[in-house]
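Here is a short briefing to read alongside the model. Keep the structure open and follow along, topic by topic.

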Amino acid sequence: MSANVGVVALAVGWGCVAAAPVVALANRVATRDRARELGPARDRPSDERVERILAATRLRPLLRQIRVRRSARARDDRLTGELGPVVDLVGVAVGAGLTPYLALRVARRWCGPAIGAAIDGVFERHELGGTFDDALRDIGRTHPPIRSLTDTVRTSTRLGSPIAPALARLASEHRRELRLLAETRARKVPVRLLFPLVFCVLPAFTLLTVAPAVLAGFGGR
């Protein structure tokens, strides 16, 4: 019973120590705000609110840029993950005797939503009067992860060269890139686990294993 009480007391003490800096900072900020409110008007700059508004205005473009970058990175990741099956589908359709244009239409039926939207953009541009080559070029520029596929189809369409070997080589290279990317992300996992390990797991392990033994030892004396 005494050991359990000691563990609870040690846990409460650990929480108080961890929360002390946060409470001190909050009290300091609250005291400073009260002093500003109670101080004479001549001590408060008249343009303080204007400066805050300007600071917030300056941050908005930066936050918007960060959101745009994150959205583009997430879209590129989805396109990269969905590219492999599309390359295989186009290769199978071409091997069955279809032209690259018809093969891309067939692959569109079973591809993922992200790359499907990009392929729809190719057909929309083509139906609006643009050439198939120009549509592929534009989509490749706006969607870099699938540029390898669009360039392969463009080269075959312009030169009349066999596209099946090029697609097989592209599929093999894409799988190799995905494997290297997965290995790179796996190597980053131990670094990301350091924070929860040091600040969550180790304190809990200490409270549940080391603290009862120490308290039991003191109680035995």
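The charged end of Arg 105 sits over the ring of Phe 123, 4.1 Å from the ring's centre. This is a predicted model, so please read every distance and angle below as computed from it. From that ring we can move on to its aromatic partners, then to the helices and the core.

**The aromatic cluster**

- How many aromatic pairs does the structure hold? There are two.
- Tyr 101 and Phe 123 make an edge-to-face pair, with 5.5 Å from centre to centre and 75° between the planes.
- This pair joins distant parts of the chain, since Tyr 101 belongs to helix α3 and Phe 123 to helix α4, 22 residues apart.
- Phe 123 is buried, and its relative accessible area is 6%.
- Tyr 101 also pairs edge-to-face with Phe 132, at 5.0 Å centre to centre and 80° between the planes.
- Here too distant parts of the chain are linked: Tyr 101 is in helix α3 and Phe 132 is in helix α5, 31 residues apart.
- Phe 132 has a relative accessible area of 11%, so this residue counts as buried, the cut-off being under 20%.
- Taken together, the ring pairs connect Tyr 101, Phe 123 and Phe 132 into a cluster.

**Helix α5 and its buried side**

- Which residues of helix α5 (residues 132–142) are buried? They are Phe 132, Asp 133, Ala 135, Leu 136, Ile 139 and Gly 140.
- These residues lie on the same side of α5, because they cover an arc of only 165° around the axis.
- As background, an α-helix has 3.6 residues a turn, so residues three or four places apart point the same way.
- The packing partners of the buried α5 residues are α3 (100–108), α4 (113–127) and α6 (147–159).

- His 143 is located in the loop between α5 and α6.
- Is His 143 buried or exposed? His 143 counts as buried, with 16% relative accessibility.
- If neighbours within four places in sequence are left aside, His 143 contacts Arg 75, Leu 79 and Ala 118.
- Ser 156 is part of helix α6, and at 9% relative accessibility Ser 156 counts as buried.
- With neighbours within four places in sequence again left aside, Ser 156 touches Pro 100, Ser 161, Pro 162 and Ile 163.

**The largest nonpolar core**

- The largest nonpolar core has 28 residues, and those touching the most other members are Val 86, Val 90, Ile 115 and Leu 149.
- Two or more residues of this core come from each of α2 (48–95), α3, α4, α5, α6 and α7.
- Which element gives the most to this core? That is α2, with seven residues.
- Val 86 is in contact with Ala 107, Cys 111, Ile 115, Ile 119 and Leu 149, not counting residues up to four places away in sequence.

**Helix α7**

- Helix α7 (residues 164–192) has 29 residues, which should span 42 Å at 1.5 Å a residue.
- The end C-alpha atoms of α7 are 42 Å apart, so the span agrees with that expectation.
- Buried in α7 are Ala 166, Leu 167, Leu 170, Ala 171 and His 174.

Key:
Residues are numbered from 1 along each chain as its sequence is written. This is a predicted model: local features need pLDDT of at least 70, side-chain atom pairs count only at pLDDT 80 or more; totals for chains, interfaces and linings use all residues. Side-chain values use heavy atoms; hydrogens and water are left out. Buried means under 20% relative accessible area, exposed over 50%, partly exposed in between (1.4 Å probe, protein chains only). Helices (H or I, at least four residues) and strands (E, at least two) are DSSP runs, numbered from the N terminus. The arc is that of the directions from the helix axis to the C-beta atoms. Contact means heavy atoms within 4.5 Å. Rings of Phe, Tyr and Trp (its six-membered ring) pair if their centres lie within 6.5 Å; planes under 30 degrees apart count as stacked, over 60 as edge-to-face and the rest as tilted. A charge sits over a ring if NZ of Lys or CZ of Arg is within 6 Å of the ring centre and within 35 degrees of the ring normal. The expected span of a helix is 1.5 Å times one less than its number of residues. A nonpolar core is a set of buried Ala, Val, Leu, Ile, Met, Phe, Trp, Tyr and Cys residues joined through side-chain atoms within 4.5 Å.
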